[in-house]
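Biologist: I am new to this structure. Please take one part and look at it closely for me.

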Amino acid sequence: MASGSQTFPDEVRTHTALHVLKGAVVRVLGEGSLWTASTYVSGKHGRLTVTCSAKPSDEQVKEIEVLANKKISENLRVEVKTMPRSEAEKTYGNIIYDLFPVPPEVKELTLVIIHDTDGSIWNINACNKEHLPTTGLIGKITIEKPRFRASKKLLEIPFDISP
Ligand SMILES: [Zn+2]
């Protein structure tokens, strides 16, 4: 793969970073943070909002950042594939979805699958946006101070990407 993340728009890099970051969040914070409530991307800045039952410690936030950047340095393959919704649900289960449901009339899904080095799936999500072919093209993720919204049980994780 040619070097040079500059060949991809910042928004594509930042958006792909959301998928890598989500994988790290679930591994560090557990199943309680399995559901993405919303995402935001503007240039090199992004924000991932997930379900969360308690405010994570500074150490956990650092662990998420370290783990996400490890998966970037491993240059994992990002696969995009379209398949019938019923088949996708049967094969992967409801982890392909976010907190808010895909309308029932949608019968075909585009899945974004980040393949880990050991053959397992680092992250999988039904997503129609544009993605990088490999995680190494993201650059580096720097997490800013997260905000835990106790009343809604949501954790907002803002971050920036850099070359
Ligand atoms: Zn996506």
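Modeller: Let us start with Val78, which lies in strand β3, residues 77-84. Keep in mind that the model is predicted. Is Val78 buried or exposed? Val78 has 21 other C-beta atoms within 10 Å, and 20 or more count as buried, so Val78 is buried. What does Val78 touch? Leaving out residues up to four places away in sequence, the contacts are Thr16, Val112, Ile114, His131, Leu132, Pro133, Thr134 and Thr135. Ser120 is 42 residues from Val78 in sequence, and the two C-alpha atoms are 13 Å apart in space.

Now the sheet. Three strands form an open sheet in the order β3-β4-β5, paired antiparallel. On average, neighbouring strands are turned by 20° against each other, direction ignored. β3 is joined to β4 (residues 108-115) by 8 bridges, and the two run antiparallel. Across from Val80 stands Val112 of β4.

Helices pack here too. α1 touches β3, β4 and β5, and its direction makes about 125° with that of β5. Helix α3 (residues 85-92) also touches β3, β4 and β5; its direction makes about 125° with that of β3.

α1 (residues 10-29) also packs with α2 (residues 58-73). Their angle is about 135°, and their axes are 8 Å apart. That angle makes α1 oblique to α2. The crossing is right-handed. Among the residues that meet are Val20, Leu21 and Ala24 in α1, and Ile64, Leu67 and Ile72 in α2. By class, this contact has 10 nonpolar, 2 polar and 3 charged residues.

Technical notes: Residues numbered from 1 in each chain as written. Predicted model: local features only at pLDDT ≥ 70, side-chain atom pairs only at ≥ 80, totals over all residues. Axes fitted to C-alpha atoms, helices over the stretch in contact; angles between N-to-C directions. Helix = DSSP H or I, 4+ residues; strand = E, 2+ residues; numbered from the N terminus. Parallel < 35°, antiparallel > 145°, perpendicular 65-115°, else oblique. Left-handed = near helix turned anticlockwise from the far one by under 90°. Contact = placed C-beta atoms within 7 Å. Nonpolar A, V, L, I, M, F, W, Y, C, P; charged D, E, K, R; others polar. Buried ≥ 20, exposed ≤ 12 C-beta atoms within 10 Å, placed from the backbone. Pairing = 2+ DSSP bridges.
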